[in-house]
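Please read them alongside the coordinates.

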Amino acid sequence: MNPAPPEPTLPEELLLLALDPQRGKPYCRNRFLEYGVAGAVLAELELHGRIAEQHGRIRVISPLAPQDPLLAQVLGSLPAPDRGGLAGGIGAKQWIRRTGRHVEELCLEHLVGRSVLRRETHRFLGLLPHHRHPAADPALPAAARERFAAAEAAGFPDRRGRVLAALVSATGLSGTVAQGGWRSRSAMRDLVRDEWTAYAVHRNVRQDKANRSGGSFGSTGSGSNGD
């Protein structure tokens, strides 16, 4: 009997929710999804007891490598544990902004290698290549949607579900993923400030929106998804 496939990690679950299964394009801006995936990796490492947040900075509290190769690679790239002082660690917002694209690419490669996603190469104006990642099996993103819907209907009773909901909201996906209307989206938005990884993602998204609008966005941001 073949062993059961591993449960999706938070970054994998976020990508399954964020990518159109047929077209392979994200339902949000590409850059926002990069931030979200990087934040999801940090959240997964925190749930594994490898890192913690202190004064907005990421601290490694256990350098023992997780079994998941992506998580192990990211953990190994973070500053080694030190004996303290507020100068230790690295800023969560800064790390997400700097490494988001690379971390997302690593996660996408991991899912392509496991035949969860396919990689299609397209060319913009026939010149610049870019990739799309449709689902290799449409049942996998459908199952992710079902899991999220069940957690949403139950009010996100466990920590993992709350973190994923906060990341969905911070990334700008709640208008597409949530099924409970504006009340549910509002509750998910409230979770963002409770989860430091999602809040760091939100701050980067808010910064990008402010840059695009000439600095006119308020502290809570705006947009078609209400995030």
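How many nonpolar, polar and charged residues does the lining of the largest pocket have? The points below begin with that matter, after a note on provenance.

This is a predicted model, in which local features need pLDDT of at least 70, side-chain atom pairs count only at pLDDT 80 or more, and totals for chains, interfaces and linings use all residues. Residues are numbered from 1 along each chain as its sequence is written, and side-chain values use heavy atoms, with hydrogens and water left out.

1. The lining of the largest pocket has six nonpolar, five polar and six charged residues (Ala, Val, Leu, Ile, Met, Phe, Trp, Tyr, Cys and Pro count as nonpolar, Asp, Glu, Lys and Arg as charged, and the others, Gly among them, as polar). Of the 17 lining residues, Pro26, Asn30, Glu104, His130 and His131 lie nearest the centre. The volume of this pocket is about 430 Å³. At least two lining residues come from each of H2, helix H4 (92-113) and strand S5 (128-132).

2. Pockets and cavities are found on a 1 Å grid over the protein atoms alone: a cavity is a set of points where a 1.4 Å probe fits but cannot get out, a pocket is an open set with protein on both sides within 12 Å along at least five of seven lines, and lining residues have an atom within 4 Å of a point. Grid points are joined across faces, edges and corners, and a volume is the space filled by probe spheres set on the points.

3. One cavity of 30 Å³ or more is found in the whole structure. The residues lining the largest cavity include Leu15, Asp20, His133 and Pro141; by class, eight are nonpolar, one is polar and one is charged.

4. Glu195 lies in the loop between helix H8 (181-192) and helix H9 (196-212). Glu195 counts as buried because its relative accessibility is 7% (buried means under 20% relative accessible area, exposed over 50%, partly exposed in between, with a 1.4 Å probe and protein chains only). Beyond its neighbours within four places in sequence, Glu195 is in contact (heavy atoms within 4.5 Å) with Arg159, Arg162, Val163 and Ala166.

Definitions and conventions: Helix = DSSP H or I, 4+ residues; strand = E, 2+ residues; numbered from the N terminus.
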